[in-house]
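This report looks at covalent and charged side-chain links. The sequence and structure come first.

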Amino acid sequence: RVRLVESGGGSVQAGGSLRLSCEASEYDINTDSMGWFRQAPGKEREGVAAIYPRVGTTYYDDAVEGRFTISHDSAKNTVFLQMDKVKAEDTALYYCAADFFPVKTSDGRWYTAKQPTYWGQGTQVTVSS
């Protein structure tokens with residue numbers, strides 16, 4: 001059974017840093033796209049960052065561009081989200097996902113044209129201002 005297990009969430013003060021990890025089991029992260037989505041209370045789930053590990057192509061929402069970095073370690077079959085200079089608006093439940101189709105929009109956001117095949121259960125990130 002495919003499993004995506006997130007870790008690294010927690011509470012952090014605005015301006016601080018956090019590193020999220022997503023370890024995949026029974027699934028090679030190099031198969032297709034990997035990424036992070038987030039959902040805050042009362043808001044829709046949105047794409048944060050995505051990567052095609054096999055070729056290195058990355059995608060970022062403009063709200064996190066320059067502050068967050070998505071990366072991977074094939075040997076550990078793990079995808080990371082380095083979150084720096086966090087803001088209160090980054091507070092959300094962060095989900096790891098696999099096998100989708102990220103598309104950049106004209107306003108700097110991105111969406112997925114194909115629903116992810118696999119989802120993690122989420123890890124909470126809370127930023128205090």
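The model is predicted. It contains 1 disulfide. Cys 22 and Cys 96 form this link, with an S to S distance of 1.9 Å. The pair ties together distant parts of the chain: Cys 22 lies in strand E3 (residues 18-25), Cys 96 in strand E9 (residues 92-98), and 74 residues separate them. The link of Cys 22 and Cys 96 is left-handed, at -75 degrees about the S-S bond. Both Cys 22 and Cys 96 are buried.

Charged pairs come next. The whole structure holds 5 salt bridges.

| Salt bridge | Closest N to O distance |
|---|---|
| Arg 38 with Glu 46 | 2.9 Å |
| Arg 67 with Asp 90 | 2.8 Å |
| Asp 99 with Lys 114 | 2.8 Å |

Arg 67 and Asp 90 link distant parts of the chain, 23 residues apart. Arg 67 sits in the loop between strand E6 (57-60) and strand E7 (68-73). Asp 90 sits in the loop between strand E8 (78-83) and E9. Both residues, Arg 67 and Asp 90, are buried.

Arg 38 is buried at 6% relative accessibility. Glu 46 is buried too, at 14%. A network of salt bridges links Arg 38, Glu 46, Arg 67 and Asp 90.

Asp 99 and Lys 114 are 15 residues apart. Asp 99 lies in the loop between E9 and strand E10 (102-104). Lys 114 lies in the loop between strand E11 (110-112) and strand E12 (118-119). Asp 99 is buried, with a relative accessible area of 16%, whereas Lys 114 is partly exposed at 36%.

Technical notes
Residues numbered from 1 in each chain as written. Predicted model: local features only at pLDDT ≥ 70, side-chain atom pairs only at ≥ 80, totals over all residues. Heavy atoms only, no water. Disulfide = S-S within 2.5 Å. Helix = DSSP H or I, 4+ residues; strand = E, 2+ residues; numbered from the N terminus. Buried < 20%, exposed > 50% of the residue type's maximum accessible area, 1.4 Å probe, protein only. Salt bridge = Lys/Arg side-chain N within 4 Å of Asp/Glu carboxyl O.
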